[in-house]
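Here is my note on the model, point by point. Please read it with the structure open.

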Amino acid sequence: MSQPLSNDDSSDMRLELSALVQAGLGHTVDDATLTALADMQALLQGRVGELGGMLTERRISRARYLEELNRLLSDVSSVGEKILGFEDFHKVFGELSADQLGDTAAFLTAQDEISR
């Protein structure tokens with residue numbers, strides 16, 4: 001299970017998000033929007049941690065992990081699109097899918113090594 005964010009972690013996340021939005025859109029967003037994005041990111045990170053734990057403990061298969069991760073990323077994209085609007089969300093975060101986040105085969109191989 002993931003640990004709750006400390007105030008410092010939350011502040012760091014907001015600063016990183018603010019910089020990411022500034023870089024992607026060329027302008028900042030209001031505090032309410034930034035808070036909504038930070039909440040979205042915290043929920044995403046928590047759920048990804050849970051899925052990773054389930055995979056490591058072999059409570060779900062590799063295929064199920066990828067399926068659930070892609071479903072989660074799709075759901076988060078929908079939320080983010082409501083927060084920023086479709087175009088602005090994708091300017092900042094791109095297309096969210098497991099394949100876009102990195103080498104899933106290498107990640108799953110590393111997870112196999114960890115769980116041995």
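1. Basis. This is a predicted model, in which local features need pLDDT of at least 70 and side-chain atom pairs count only at pLDDT 80 or more, while totals for chains, interfaces and linings use all residues. Residues are numbered from 1 along each chain as its sequence is written, and side-chain values use heavy atoms, with hydrogens and water left out.

2. The core. The largest nonpolar core holds 22 residues. Such a core is a set of buried Ala, Val, Leu, Ile, Met, Phe, Trp, Tyr and Cys residues joined through side-chain atoms within 4.5 Å. L17, L37, Y65 and V76 touch the most other members. Two or more residues each come from helix 1 (7-25), helix 2 (31-56), helix 3 (62-84) and helix 4 (86-93). Helix 2 gives the largest share, seven residues. Helices (H or I, at least four residues) are DSSP runs, numbered from the N terminus. In soluble globular proteins, nonpolar side chains tend to be buried together.

3. Contacts of L37. Which residues does L37 touch, leaving aside its neighbours within four places in sequence? They are L17, V21, I83, L84 and F93. Contact means heavy atoms within 4.5 Å.

4. M40. This residue sits in helix 2. Is M40 buried or exposed? M40 counts as buried because its relative accessible area is 10%. The cut-offs are under 20% for buried, over 50% for exposed, and partly exposed in between (1.4 Å probe, protein chains only). Beyond its neighbours within four places in sequence, M40 contacts V76, V79, G80, I83 and F89.

5. Helix 3 against helix 4. The two pack at an angle of about 115°, with axes 7 Å apart. Axes are lines fitted to C-alpha atoms, for helices over the stretch in contact, and angles run from 0 to 180 degrees between N-to-C directions. On the helix 3 side are V76, S77, G80, E81 and L84; helix 4 brings F86, D88, F89, H90, V92 and F93. By type, the residues of this contact are six nonpolar, three polar and two charged. Here Ala, Val, Leu, Ile, Met, Phe, Trp, Tyr, Cys and Pro count as nonpolar, Asp, Glu, Lys and Arg as charged, and the others, Gly among them, as polar.

6. R58. Please check this backbone. R58 has a phi near 60°, a positive value in a residue other than glycine. R58 lies in the loop between helix 2 and helix 3. R58 counts as exposed because its relative accessibility is 56%.

7. Salt bridges. The count is seven. The rule asks for a side-chain nitrogen of Lys or Arg within 4 Å of a carboxyl oxygen of Asp or Glu. D31 pairs with R14 at 2.3 Å, N to O. That pair links distant parts of the chain, D31 in helix 2 and R14 in helix 1, 17 residues apart. D31 is exposed at 53% relative accessibility. R59 pairs with E57 at 2.8 Å, N to O, and R59 is exposed at 55%.

8. Salt bridges link R64, E67, E68 and R71. The closest N and O atoms of E68 and R71 are 2.8 Å apart. E68 and R71 are about one helical turn apart because three residues separate their positions in helix 3. E68 is buried at 12% relative accessibility, whereas R71 is partly exposed at 41%.
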